[in-house]
Amino acid sequence: MSGIYIHIPFCKQACHYCDFHFSTSMGKKDAMLSAIKRELVLRKGEFKNEVVATIYFGGGTPSVLSTEEIQGIINSVYANYSVVERPEITLEANPDDLSEDKIRALSKSPINRLSIGVQSFFEEDLKMMNRAHNSKEAKKSLEIATHYFSNISIDLIYGLPGMSNQRWEENIALALSFGVPHISSYALTVEPKTALANFIKKGIIKPVDDEVASAHFNILLREMEANGLDAYETSNFGKPGFYSENNTAYWLGKKYIGVGPSAHSYDGIRRGWNINNNAKYVKALANDQLPMEVEVLSETDRYNEYVMTGLRTIWGVSLTRIYSDFGANFHKYLLQQAEKHIKQELLVVENDTLLTTKKGKFLADGIASDLFMINLSE
């Protein structure tokens, strides 16, 4: 089973913290949609022996597209790929795009999962982030969406400058009050060349505090557990049966094709990424050229990637798989590097699987980097 990720590179306005690829100009939207459909045609050979189980519209803001435009892309997938009978089809959406008419139309389309980018229910947070929606729109969109969709995820950001523990607890409580079965929650990170980085540099906004983010993460873990949402990945929490199939496939190393400018692809051996320039992407596809660079992953790269993704999930890193896929040297190195983290109760070995403890979850990426191999096999 494989997945298709479709990057829609348009947003109404730029959020201050975002460094994803997008444009606020939609003048070339039709040309972009044609190029995305053409890329789907040109790349169908990559999946000739695969069955597509998930289709994920990310971005950018895919909800700026009309239901008909979304349907046109889905039709292209079905026309060129083998698809399971009931695929998970997710649309990332912003609250300000989700009128009742839009939600009703989406519910009649093949879209069966909404990922709604709320980020915060508080006006001061939304203004600081330069989100296109307000608090009232966030709540209203969820009130309506829950009448039409059973599979909904809410995005929340924690560790915001000035966000108290109480306000974070209220954010979580508001999200849970809508009865959604999935929440994705991320610590605010300051990416270079973003407006947020510039504002912090100028002293307009306070710097991000790691201790505040850590406290918020522990509150998040506590509240998710108390409300029956499993922490199946560091930033993702779902009720049983509602884990994101798309994201789970990524963390478990399954194949996926990324379509659209800046989208990434992976087939288990090679990683590819499309050019992150809308005009160049459209021009290349108009000439039936794939604007993509590809690298073949070394054994060390594949080991490092498996360790990084595995430690973020409840499935952990299988020591049996490390031995069978990478050999005795990697197996020995991993256990040696993990030893100090096990003593610090940040990692634990259970059923021949290396897992992060509750104490280690927030530090998963840093721990993983300490377990990385550097060019042992090359």
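First, the ground rules. Residues are numbered from 1 along each chain as its sequence is written, and side-chain values use heavy atoms, with hydrogens and water left out. Since the model is predicted, local features need pLDDT of at least 70 and side-chain atom pairs count only at pLDDT 80 or more, while totals for chains, interfaces and linings use all residues.

Let's start with charge. Side chains of opposite charge can pair when their charged atoms come close. We call it a salt bridge when a side-chain nitrogen of Lys or Arg is within 4 Å of a carboxyl oxygen of Asp or Glu. How many salt bridges does the structure hold? It holds 20.

Take three of them. Arg86 bridges to Glu85, with the closest N and O atoms 3.8 Å apart. Are these two buried or exposed? Buried means under 20% relative accessible area, exposed over 50%, and partly exposed in between, using a 1.4 Å probe and protein chains only. Arg86 is exposed at 70%, and Glu85 is exposed at 69%.

Now look at Arg43 and Glu39. Their side chains meet at 2.9 Å, N to O. Arg43 is buried, at 1%. Glu39 is buried too, at 1%.

Next comes Arg312 with Asp365, again a salt bridge, with closest N and O atoms 2.9 Å apart. Arg312 sits in the loop between α11 (299–311) and β13 (317–318), and Asp365 in helix α14 (residues 364–371), so the pair ties together parts 53 residues apart in sequence. Helices (H or I, at least four residues) and strands (E, at least two) are DSSP runs, numbered from the N terminus. Arg312 is buried at 17%, whereas Asp365 is partly exposed at 43%. Back to Glu39 and Arg43: through shared partners, salt bridges join them with Glu46 into one network.

Stay in the loop between α11 and β13. Trp315 is there. Trp315 is partly exposed, with a relative accessible area of 32%.

Last, the sheet. In what order do its three strands run? The order is β13-β15-β14, in an open sheet with antiparallel pairing. Two strands pair if DSSP finds at least two bridges between them. The edge strands are β13 and β14 (347–350), each pairing on one side only. β14 and β15 (residues 353–356) pair over four bridges. Glu350 stands opposite Thr353 in β15.
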